[in-house]
Amino acid sequence: MSEAQMPQTLDETAAAAFAEKAGAMLEAGAVAVMMSIGHRLGLFDLMAALPPSTSEAIAQRAALSERYVREWLAVMVTGRIVAYHPQTKTYHLPSEHAACLTRGAQLGNLAVYAQAVAMMGQMQERLIACMETGEGLAYGDYPCFHQMMAEDSGQTVVARLFDTILPLAEGTAERLATGIEVLDAGCGRGAALIEMARRYPASRFTGYDLCGDAIAFAKEAARKAGLDNIRFEQRDLTGYDEKARFDLITSFDAVHDQKDPQALARGLKGALRGGGVYLMQDIGGSARLENNLDFPFAPFLYAVSLCHCMPVSLGQGGLGLGTMWGWETAQSILDAAGFRSVERHVLPHDPMNVWFVARV
Ligand SMILES: C[S@@+](CC[C@H](N)C(=O)[O-])C[C@H]1O[C@@H](n2cnc3c(N)ncnc32)[C@H](O)[C@@H]1O
């Protein structure tokens, strides 16, 4: 009998340790979906503001069904997120937990990303079919995608735009104050652009996005903000080729899931005037799987890729590079697009992403 044919002996200790780990993953996955529900219903925000309270009091304040709230609380208690006091039958959210589960939370709101886990479950049947056929999906197939993205970029981009992000491109804040033309390519609901338009009234801002629902939201937000230096347009950036129109172009997490990221980078370079800057945020993993074993949230990001970023690119007839296309790929498409210089940065508040400053 050759060595390859020998029956394998089971390392029972290693098998038991792995079974424990797999069980913990089931628990964590279930808690994450319930965390998403708690976020959507504002339950964490409510509980952060309440003293220890009964399920009746919490349900009443949230205008929800007590029986459902009590079961949700049981998940949160056994998941060690909410503390329970059996004598008084009261529940409370410790402030250390509220610090990463509430809107505007000090450490960033991780419950925002729990929505992506819930979305994966909602998409299961479609994804099974895609895995069988190799077909892609459309943005409209996903519930709440643009809302979740806006919440994500609200914390990673908008909250740090002026103190950390724009300073990456030296001289940009000064030029914005003087008055320049700015494009946000793949602007989604447009929050970053709206904040810039508010801050720099002498500059003019344009946001393009494929999705009509995101653009309608952005237009309404700009109208409510009373801004007259901003416009949003539903526009497919595939084959984009405006010439020398803008001084600053941004894209926040909006290139890897395009049909053809290389063609887009070339198009954006061509749309910049002399002295112009392209500021690009994208996912910062490596193009090599073996380098990503310790990358923050790597399994989560690959799952988001399989669930969303890859199928929406394939659905546009695109390359389907996926969320973890790799900073090396991003760097090489910017180099190949012919920018004069390309700098790469990783920001401490945003370890999942990489930032490029590319100049013409
Ligand atoms: C991951 S989201 C990021 C949205 C936004 N920048 C943010 O940070 O919230 C990617 C965006 O790219 C847009 N997009 C994808 N393919 C596009 C295309 N071909 N033309 C224009 N926009 C596109 C999507 O509609 C989506 O809003």
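The model is predicted.

**Arg235 and its partner.** I looked up Arg235 and found a relative accessible area of 24%, so Arg235 is partly exposed. Glu233 also counts as partly exposed, at 24% relative accessibility. The two form a salt bridge, with the closest N and O atoms 3.9 Å apart. I then traced the network of salt bridges here: it links Arg231, Glu233, Arg235, Glu242 and Arg245.

**Other salt bridges.** I noted 15 salt bridges in the structure. One of them joins the side chains of Arg175 and Asp247, at 3.7 Å from N to O. Arg175 sits in helix α10 (residues 172–178) and Asp247 in strand β6 (residues 246–252), so this pair ties together parts 72 residues apart in sequence. Arg175 is partly exposed, at 31%. Asp247 is buried, at 7%. I also checked Asp163 and Arg160, whose side chains meet in a salt bridge at 3.3 Å, N to O. Arg160 has a relative accessible area of 28%, so I logged Arg160 as partly exposed.

**Met76.** Is Met76 buried or exposed? Its relative accessibility is 0%, so Met76 counts as buried. I placed Met76 in helix α4 (residues 66–78). Leaving out residues up to four places away in sequence, Met76 touches Val31, Met34, Met35, Phe44, Ile81 and Val82.

Terms used: Residues numbered from 1 in each chain as written. Predicted model: local features only at pLDDT ≥ 70, side-chain atom pairs only at ≥ 80, totals over all residues. Heavy atoms only, no water. Helix = DSSP H or I, 4+ residues; strand = E, 2+ residues; numbered from the N terminus. Buried < 20%, exposed > 50% of the residue type's maximum accessible area, 1.4 Å probe, protein only. Contact = heavy atoms within 4.5 Å. Salt bridge = Lys/Arg side-chain N within 4 Å of Asp/Glu carboxyl O.
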